Amino acid sequence: ELFRTPLVSYLYERGWRESFVQAGFPGIEKEYELAMDFFQDARGKTVMDLSCGSGLMVRRLAKSNFFGKVVAVDFSESMLDEVKRRKDEEQCPDFDMVRADVANLPFVTNGVDAIHSGAALHCWPYVQDGLKEVHRVLKPGGTFFATTFLWGIPDEIVNLQANLDPAGPRRAYRFFAPEELEWLMKGAGFSQVEVEKRSRCAIIRCVK
């Protein structure tokens with residue numbers, strides 16, 4: 001619910017997402033480069049930015065003109081409003097926007113070539129169900145690139161979330177160990193799994 005509030009949607013690209021760098025996240029430009037390198041086989045095909053937030057990545061994917069179709073997916077109405085506002089403001093090439101729960105994606109089986117999910121898995125209420133859906137909608141040989149928090153997240157990031165949460169201080173994030181992430185990805189059905197540890201960030205590359 002935290003990410004459905006207009007305040008969080010407003011703040012996301014105004015310092016909050018950037019603060020993740022202190023936990024080892026590569027930063028949006030570097031993450032874009034890493035994802036694009038992993039998505040080379042998806043040229044002219046369909047890419048999805050799942051749990052797209054305010055659209056930091058999906059706008060870059062659309063501007064690349066590398067893909068035949070770009071889809072932004074998020075559960076938060078206010079985040080999708082921010083995606084549309086920034087898309088129009090930047091006169092970004094068109095892409096689809098869909099509100100959906102990661103555990104129940106409204107897409108056909110074997111229909112997407114590449115999926116990105118940046119700084120998101122730790123927010124999914126049911127990670128296993130979400131990953132099974134990612135695997136389901138990906139085509140055979142499709143690629144999944146994600147970043148998420150490992151155990152040891154900086155207190156200042158946790159405290160920022162708690163201060164913004166109208167329900168009061170409580171943990172809305174789930175933290176992972178690299179071995180747990182490997183187990184989750186393989187459990188979802190991925191044939192190839194790589195989990196790269198960078199400080200308190202995991203960079204995940206999977207192939208269906």
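Predicted model: local features only at pLDDT ≥ 70, side-chain atom pairs only at ≥ 80, totals over all residues.
Ser-78 has its place in helix H4. With a relative accessibility of 10%, the residue counts as buried, because buried means under 20%. The side chain of Ser-78 makes a polar contact, at 3.1 Å, with the side chain of Ser-76.

The protein holds seven helices and seven strands, and, read from the N terminus, its elements follow the order α-α-β-α-β-α-β-β-α-β-α-α-β-β. Of the 208 residues in the protein, 54% are buried. Among contacts between residues at least 6 apart in sequence, 73% join residues at least 24 apart.

The seven strands form an open sheet with mixed pairing, and their order across the sheet is E3-E2-E1-E4-E5-E7-E6. Strand E3 (96-99) and strand E6 (192-198) stand at the edges; each has a single partner strand, so one side of each is left without a neighbour in the sheet. On average, neighbouring strands of this sheet are turned by 15 degrees against each other, direction ignored.

Strand E1 (residues 46-50) pairs with strand E4 (residues 112-117) in the parallel sense, over three bridges. Within E4, His-116 is the residue that stands opposite Asp-49. E1 also runs parallel to E2, to which five bridges join it, and here Ala-72 in E2 is the bridge partner of Asp-49. Between E1 and E2 the chain passes through helix H3 (residues 56-63), and this β-α-β crossover is right-handed. Strand E2 is largely enclosed by the rest of the structure, because five of its six residues are buried.

Together, E2, H4 and E3 make a right-handed β-α-β unit. This brings the tour back to the helix of Ser-78. Helix H4 (residues 77-89) packs on the sheet, where it touches strand E2 (69-74) and E3, and its direction makes about 170 degrees with that of E3.

Seven bridges join E5 to E7 in an antiparallel arrangement, in which Phe-149 stands opposite Cys-201 in E7. E6 and E7 likewise run antiparallel and are joined by seven bridges; in this pair, Glu-196 stands opposite Ile-203 in E7. The hairpin of E6 and E7 has two residues between the strands, and Ser-199 takes a positive phi near 55 degrees there.

Strand E7 is mostly covered, with seven of its seven residues buried. This applies to both faces: Cys-201, Ile-203, Arg-205 and Val-207 are buried on one side, and Ala-202, Ile-204 and Cys-206 are buried on the other.

Helix H5 (residues 127-137) lies across E1, E4 and strand E5 (138-149), and runs at about 145 degrees to E5. Val-127, Gly-130, Leu-131, Glu-133, Val-134, His-135 and Val-137 are buried in H5, and the buried residues of this helix pack against E1, E4, E5 and helix H7 (178-188). In helix H2 (residues 28-38), the buried residues are Ile-28, Glu-31, Tyr-32, Leu-34, Ala-35 and Met-36. Their cover includes H3, E4, E5, E6 and strand E7 (201-207).

Finally, a word on the cysteines. The structure holds zero disulfides. Cys-52 is buried, with a relative accessible area of 6%, whereas Cys-123 counts as partly exposed at 24% relative accessibility. Cys-201 and Cys-206 are among the buried residues of E7.

Terms used. Residues numbered from 1 in each chain as written. Heavy atoms only, no water. Disulfide = S-S within 2.5 Å. Buried < 20%, exposed > 50% of the residue type's maximum accessible area, 1.4 Å probe, protein only. Pairing = 2+ DSSP bridges. Helix = DSSP H or I, 4+ residues; strand = E, 2+ residues; numbered from the N terminus. Axes fitted to C-alpha atoms, helices over the stretch in contact; angles between N-to-C directions. Contact = heavy atoms within 4.5 Å. Right-handed = clockwise from strand over helix to strand, strands pointing away. Polar contact = N/O pair within 3.5 Å; in protein donor to acceptor, adjacent residues only side chain to side chain.
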